[in-house]
Amino acid sequence: MTEIRFELLAERRRYALIDGENVIGAAHYRDLETDTGIERVFFHTVVDEAYAGQGLAGKLAAQALADTVARGYKIVPVCPYIKVYVRKHHEFDAELITPTPEHLAILPKG
């Protein structure tokens, strides 16, 4: 097994977990530019079932959220996994924004 790495795939608007050449997990987002800065709306997080039970979703969430904060962006948790993660990891509290209809309007349909 190769080492699983974390990457920001900005052109695809997602953070990814990659094993060799295969994307095995992703935290999908959309950015909303406001008067006060960028608000990164996380709306879907997934890890391939073949990699379940390794804590990879938590590592993906931690790295994606830390990178978002390091960029000076706010976090808008819409994804159920990210919502639960930030409830348990209070280091992100100061950067959280409650989702609004404006945030939800920028998300992909379907």
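**Helix H1.** I began with helix H1 of this predicted model, which covers residues 56-70 and has 15 residues. From its first C-alpha to its last I read a reach of 21 Å, close to the 21 Å expected at 1.5 Å a residue.

I then looked up which residues of H1 are buried. They are Leu56, Gly58, Leu60, Ala61, Ala64, Leu65 and Thr68. I recalled that an α-helix has 3.6 residues a turn, so residues three or four places apart point the same way.

Next I checked what the buried residues of H1 pack against. I noted strand E1 (4-9), strand E2 (14-19), strand E3 (22-34), strand E4 (37-47), strand E5 (74-77) and helix H2 (80-88).

After H1 I found Gly72, whose phi is positive, near 85°.

**Aromatic rings.** I turned to the rings and found 5 aromatic pairs in the structure.

I recorded one aromatic cluster, formed by Phe6, Tyr15, Tyr29 and Phe42. Tyr29 came up again when I examined charges over rings. The charged end of Arg40 sits over the Tyr29 ring, 3.9 Å from the centre of that ring.

Conventions: Residues are numbered from 1 along each chain as its sequence is written. This is a predicted model: local features need pLDDT of at least 70, side-chain atom pairs count only at pLDDT 80 or more; totals for chains, interfaces and linings use all residues. Side-chain values use heavy atoms; hydrogens and water are left out. Rings of Phe, Tyr and Trp (its six-membered ring) pair if their centres lie within 6.5 Å; planes under 30 degrees apart count as stacked, over 60 as edge-to-face and the rest as tilted. A charge sits over a ring if NZ of Lys or CZ of Arg is within 6 Å of the ring centre and within 35 degrees of the ring normal. Helices (H or I, at least four residues) and strands (E, at least two) are DSSP runs, numbered from the N terminus. The expected span of a helix is 1.5 Å times one less than its number of residues. Buried means under 20% relative accessible area, exposed over 50%, partly exposed in between (1.4 Å probe, protein chains only). Contact means heavy atoms within 4.5 Å.
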